[in-house]
Amino acid sequence: MSRRALRRLRGEQRGQEPLGPGALQFDLRDDDDAEEEGPKRELGVRRPGGAGKEGVRVNNRFELINIDDLEDDPVVNGERSGCALTDAAAPGNKGRGQRGNTESKTDGDVTETAPSEQSHASGKLRKKKKKQKNKKSSTGEASENGLEDIDRILERIEDSTGLNRPGPAPLSSRKHVLYVEHRHLNPDTELKRYFGARAILGEQRPRQRQRVYPKCTWLTTPKSTWPRYSKPGLSMRLLESKKGLSFFAFEHSEEYQQAQHKFLVAVESMEPNNIVVLLQTSPYHVDSLLQLSDACRFQEDQEMARDLVERALYSMECAFHPLFSLTSGACRLDYRRPENRSFYLALYKQMSFLEKRGCPRTALEYCKLILSLEPDEDPLCMLLLIDHLALRARNYEYLIRLFQEWEVGASLAHRNLSQLPNFAFSVPLAYFLLSQQTDLPECERSSARQKASLLIQQALTMFPGVLLPLLESCSVRPDASVSSHRFFGPSAEISQPPALSQLVNLYLGRSHFLWKEPATMSWLEENVHEVLQAVDAGDPAVEACENRRKVLYQRAPRNIHRHVILSEIKEAVAALPPDVTTQSVMGFDPLPPSDTIYSYVRPERLSPISHGNTIALFFRSLLPNYTMEGERPEEGVAGGLNRNQGLNRLMLAVRDMMANFHLNDLEAPHEDDAEGEGEWD
C-alpha cells in the first residue's frame, strides 16, 4: 500500500467536501496539480500526462487502496505512466499539461471518444501487478525486520551474559595434542595430495562381487576379495569412566577362546600352513592374521602381508564399543590385558606399512592413535618414533607443540622429553627447518633459527656420543679438531652407558638421512664449534650433563626393548641386553608385561605321551607333531599327523642326524691288545 493511498484514507488529502452525483469520477493527479488546475478540471476528463499520454479514469474512490504510484508502472498496452512530479518541477509540468489538453482538443475527439473499456482493462492489469508487487515488498520488509529483530535480541543476550562476538580461539580451546583426525587415517587422502585424485582413483577397480558389510570403518576399507564378515566372537566392553577418561577392554567369547587355543597350538607347530587351515574356519581371527602377515612379510610378499593386517584391523573395529572414540584421545586400553595387545600390534604394523609406502602423514596419525590409547605407560614406546614421523611429514609445528606441552606442562612434568636423544636432536632440527621456510616473516624465521641453535648446543653437550656416528652415517668426514677432541672423540661413544647406546643406535638407524642436507650440515658444524669453545672454557654445564648421563641411563625399561624388537633396526637389535635376546620372542606378543591380567587361562595339553614313555618323549622333542597310535591329533593342526607320517618324518630326521657323524671319528680296538676286550678309547 502506497503512502499516498494511506494519506488519502486517513483524510489527509484535499477535496473531502460532500460529493455530488458526478463527483465519483475524477482524475489521478498530484495534489499540487489539482490546486493549480482546479478551475479547469472537468468531470470525466483524463489526467493529462503529456503529449500522447492518456490518463486513467477511476470510478470508485476505494480502488486507490490497491493502486500504487502510477509513475512506477511499466508500459501496459503500449502506454506508459507519467513521471513523478515534484514541487520544483510543478510549473513546467503544468505548462506541459495545458499544452497537452489544447493539443488533444485541436486534434479532434480522438482521445475523448476512446472506449472506456480499454482504460478499465489497463487499470485492472495495473491493479494485479501492483498487488503482486505489494505482496513481495511486504514479505521482504517483514523478513528484513525479522532479521533485524533477531540481531537485536542476540546483541541484548550477549550484553546481558557478557559474551563477546566470536574471535580468535584462546589457547585453552585448542585441540588436544593427541587428537586424531579421521581424514588423515586414510592413506588415499595423502596420496591424492601427492599424485592427484585421478591417478589414485584410477587404480581402484569396480567390485566384482557386491558384499554387504555391517558398518562404515575409519581404519580400513573392506575389500571384495575378503571373506564374508561374520562376528568372530570378539567384542568390547566399558570397564569404568573416571576423570574424563573411559577405560575399555576387548573380550573373547567361548568360540573365540577355542580358536585362540587352536592358534597357540599352530604356533607351537612352527608350520604356517596350520595357521592357514585355522583361518579357513575362522577367517577373522586377529592373532592368526597378524602371525600369517609376518610370515608373508618374511617371504617378501608385502601386498599379502598388508592385506592381512588390514583385515585384522577391520575385525577389531567392527567390535568397537559405541562409546569408544578414535579421535577424542580420552579412551584407554590397558596393555596388560592380552586381548588388547592385538589392537596395539595391528596398529603398529599398519603404521609401518604406511611409512614404507610413502605416507608419513598418515603414519603420524596412527602413531598419535597408539600413543593416545595409554599415554602414561606408552607400552610400545611411540615417543621414540613420533618425532621421526613428524619430520618426515614436514609437520614441524606439531613436533614443537608436543615438545613444549609435554616438556614444560604442569600436568606432564615427569615427561622429560629432552632426556631422549631423538627429541633432543629432532626438535632443534624442526626449528631449523622451520626457519628455512620463505613464506614466514623474517622475525619468525630469525627467532626459530636462534631457538634451533640453542637447543642443538644443549643436545650436543648432553649426548656427545651422537656426533661422530651421525657424521659417519651421513658419509661426512669431520674436522681434525673435532674428531681428535676428547669431548667428541671415540671415547665419548665408548664411555656412554649401554642403555644410552641403544637409544642412540635406534635414533641414528632411523633418522640419520634427515641430516644429509648441505644447509643442515653447515648449521650443525657452526654449533659444534660453539660447543667446543664452551668445553674448552670450562662451562659447568658440561660436567653436570656428564653426571646426569651416569645416573639416568642405567637400564632401559621393557617397553623400549619391545619397541626395538618391533622396529627391526639392526643397529638397535644388536645392542639389546643378553637377558632379552636369550628368551623366546613371539611375533603375536613380543615381551609380554610381567603383570599381565588374564581373563581366561589356556587348558593344559593332556596326551598319552606324558605318561612316562621315554622314547615317545624323545621323538616328540624331535617332531612336535608326532603322534602315537591311538593318540588323538591336536585340533587346529592341519588334521594332525598319523602314525605312518610320523614314522616317515622320524626316519628322515634320524638319517639326517646319522649323516652328521663321521665314522673316522670312531676308533676300533687294536688286534695286538693283550686281552682283546674291544674297548673304545
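Helices, taken as H or I runs of at least four residues, and strands, taken as E runs of at least two, are DSSP runs numbered from the N terminus. On this basis, Glu568 of the predicted model falls in the loop between helix H23 (558-567) and helix H24 (570-574). Although Glu568 is not a glycine, its phi is positive, at about 60 degrees.

Leu591 belongs to the loop between helix H25 (578-581) and helix H26 (614-622). With a relative accessible area of 3%, Leu591 is buried, since the limit for that class is under 20%.

The protein chain as a whole contains 27 helices and five strands. Of its 681 residues, 42% are buried. The accessible surface of the chain is about 39800 Å², and carbon and sulfur atoms account for 52% of this area. When contacts between residues at least 6 apart in sequence are considered, 68% of them join residues at least 24 apart.

The mean pLDDT is 74, and 60% of the residues reach 70 or more. In the stretch 67-115 the pLDDT is below 50, and this stretch makes 56 contacts in the model beyond near neighbours in sequence. Residues 661-681 likewise have a pLDDT below 50, with six contacts in the model beyond near neighbours in sequence.

The largest nonpolar core comprises 126 residues, and those with the most contacts inside it are Phe343, Phe423, Phe425, Trp515 and Leu524. Residues of this core come from both domain 1 (178-196 + 216-377) and domain 2 (381-555), so the core lies between the two domains. A second, separate core has five residues, among them Trp226, Tyr229, Tyr284 and Tyr314. Apart from neighbours within four places in sequence, Phe343 contacts Leu219, Phe250, Leu313, Met316, Phe320, Leu326, Leu333 and Leu373.

Helix H9 spans residues 286-298 and has 13 residues. The distance from its first C-alpha to its last is 19 Å, close to the 18 Å expected at 1.5 Å a residue. H9 is mostly covered, with twelve of its 13 residues buried. The buried residues include Val286, Leu289, Leu290, Leu292, Ala295 and Cys296, and also Asp287, Ser288, Gln291, Ser293, Asp294 and Arg297. Just after H9, Glu300 adopts a positive phi of about 65 degrees.

Val504 is part of helix H20 (residues 498-511). Its relative accessibility is 3%, and Val504 therefore counts as buried. When neighbours within four places in sequence are set aside, Val504 is in contact with Pro421, Val466 and Gln496. Between Val504 and Leu470 the separation is 34 residues in sequence and 9.5 Å in space, taken from C-alpha to C-alpha.

Technical notes:
Residues are numbered from 1 along each chain as its sequence is written. This is a predicted model: local features need pLDDT of at least 70, side-chain atom pairs count only at pLDDT 80 or more; totals for chains, interfaces and linings use all residues. Side-chain values use heavy atoms; hydrogens and water are left out. A nonpolar core is a set of buried Ala, Val, Leu, Ile, Met, Phe, Trp, Tyr and Cys residues joined through side-chain atoms within 4.5 Å. Buried means under 20% relative accessible area, exposed over 50%, partly exposed in between (1.4 Å probe, protein chains only). Domain bounds come from an automatic or database domain assignment. Contact means heavy atoms within 4.5 Å. pLDDT is the predictor's confidence in each residue, from 0 to 100. Accessible areas come from the Shrake-Rupley method with a 1.4 Å probe; for residues, only the protein chains shown count as cover. The expected span of a helix is 1.5 Å times one less than its number of residues.
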